[in-house]
2 protein chains.
Amino acid sequence: MVNICSMIGTSAAPDQVMAALNTIEGLSSWWTVHTSGSTAPGEVVQFRFPDGGPDMKVLESSEHRVVWESIGEPDEWLGTQLFFDVSHQDGQTILMFKHSGWAAETPFFHHCSTKWAVFMLSLREYLETGKGRPFPNDVQITVD
Amino acid sequence: MVNICSMIGTSAAPDQVMAALNTIEGLSSWWTVHTSGSTAPGEVVQFRFPDGGPDMKVLESSEHRVVWESIGEPDEWLGTQLFFDVSHQDGQTILMFKHSGWAAETPFFHHCSTKWAVFMLSLREYLETGKGRPFPNDVQITVD
């Protein structure tokens, strides 16, 4: 099993970062505008892109942590888990992110690694300026 | 051992991408402006940032591939290898990147994963527009 790791630091308070992770409004402000469902533990959040998108079951949603499991497409994500851990360190709020449990370092793994960083930067921009770059306004990493 | 993977796709030709990877001028256009040394196999390229920076021994530099080994600081990079593989697929040039051989998924591993994506996007911007965002003009991922 292999994992994608990422992190950002921000001047936003920890509870602001958590709100971007545990509310539909927050999530739709940095990942995809097409976000629906419920962020409560045991519930499912739907994230949509042009060719479908993941359904995430909320395994944990506590004061400083959100954990999801991908229960649908894409196939390579099925059963993978996503961890968001928020802490305050050295005068800033740190978000550590891990998308764990991939079977192999496939081309799609490489693609998603870059794209998760793109969305972490979108999240950071949202926290700092009030405006992120969720899909369909996300930074492109390949030729369309 | 764990690895950081990333990728970009660009309309630039494969030889343009290779020139960004196997010349000092190219490398200084997307990673750090403070780049010196020699990109020939067996030689060493120095990349500098405010607190020092890596020395990379060129293990391979062929038509579609560049491989380096980090022979100095930072400590967590010592002995790690960096692979850049260029191919043409589906009407675009694909660069697959891997920074392999890290000991563990440390906070610095998370940091570098995000930062490599930042520099891959800088490289893509350089290839597409002629102007990248090498240090000291790189996108920040934490509060300075």
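Predicted model: local features only at pLDDT ≥ 70, side-chain atom pairs only at ≥ 80, totals over all residues.
The relation between the two chains can be described next. The same surface serves both copies, since 96% of the contact residues of chain B recur in chain A.

Within chain A, seven strands form an open sheet, in which the pairing is antiparallel and the order is β1-β7-β6-β5-β4-β3-β2. The edges of this sheet are taken by β1 (2-10) and β2 (35-37) of chain A, each of which has a single partner strand, so one side of each is left without a neighbour in the sheet. On average, and with direction ignored, neighbouring strands are turned by 25 degrees against each other. The partner of β1(A) is strand β7 (residues 92-102) of chain A, to which β1(A) is joined by eight bridges in an antiparallel run; in this pairing, A:Cys5 stands opposite A:Lys98 of β7(A).

Two helices, one from each chain, pack on this sheet. α3(A) touches β1 and β7 of chain A, and its direction makes about 20 degrees with that of β1(A), whereas α3(B), which also touches β1 and β7 of chain A, has a direction that makes about 85 degrees with that of β1(A). In α3(A), 17 of the 23 residues are buried, so this helix is largely enclosed by the rest of the structure. The 23 residues of helix α3 (residues 107-129) of chain A should span 33 Å at 1.5 Å a residue, and this agrees with the end C-alpha atoms, which are 33 Å apart. Just after α3(A), A:Gly130 takes a positive phi of about 90 degrees.

One residue of strand β7 of chain A, A:His99, can be followed in more detail. Is A:His99 buried or exposed? A residue is buried when 20 or more other C-beta atoms lie within 10 Å of its own, and A:His99, with 21 C-beta neighbours inside 10 Å, therefore counts as buried. Apart from neighbours within four places in sequence, A:His99 is in contact with A:Asn3, A:Ile4, A:Thr80, A:Leu82 and A:Trp116. One of these, A:Thr80, is 19 residues from A:His99 in sequence, yet their C-alpha atoms are 7.0 Å apart in space.

Some strand pairings can also be traced in chain B. Strand β5 (residues 65-70) and strand β6 (residues 81-89) of chain B pair in the antiparallel sense over five bridges, with B:Val66 standing opposite B:Phe84 of β6(B). β6(B) is joined in turn to β7(B) by nine bridges, and these strands run antiparallel; here B:Asp85 stands opposite B:Met96 of β7(B). β6(B) and β7(B) form a hairpin that has two residues between the strands, and B:Asp90 in the turn has a positive phi of about 50 degrees.

Key: Residues numbered from 1 in each chain as written. Chains lettered and ligands numbered in written order. Helix = DSSP H or I, 4+ residues; strand = E, 2+ residues; numbered from the N terminus. Expected span 1.5 Å × (residues − 1). Buried ≥ 20, exposed ≤ 12 C-beta atoms within 10 Å, placed from the backbone. Pairing = 2+ DSSP bridges. Axes fitted to C-alpha atoms, helices over the stretch in contact; angles between N-to-C directions. Contact = placed C-beta atoms within 7 Å.
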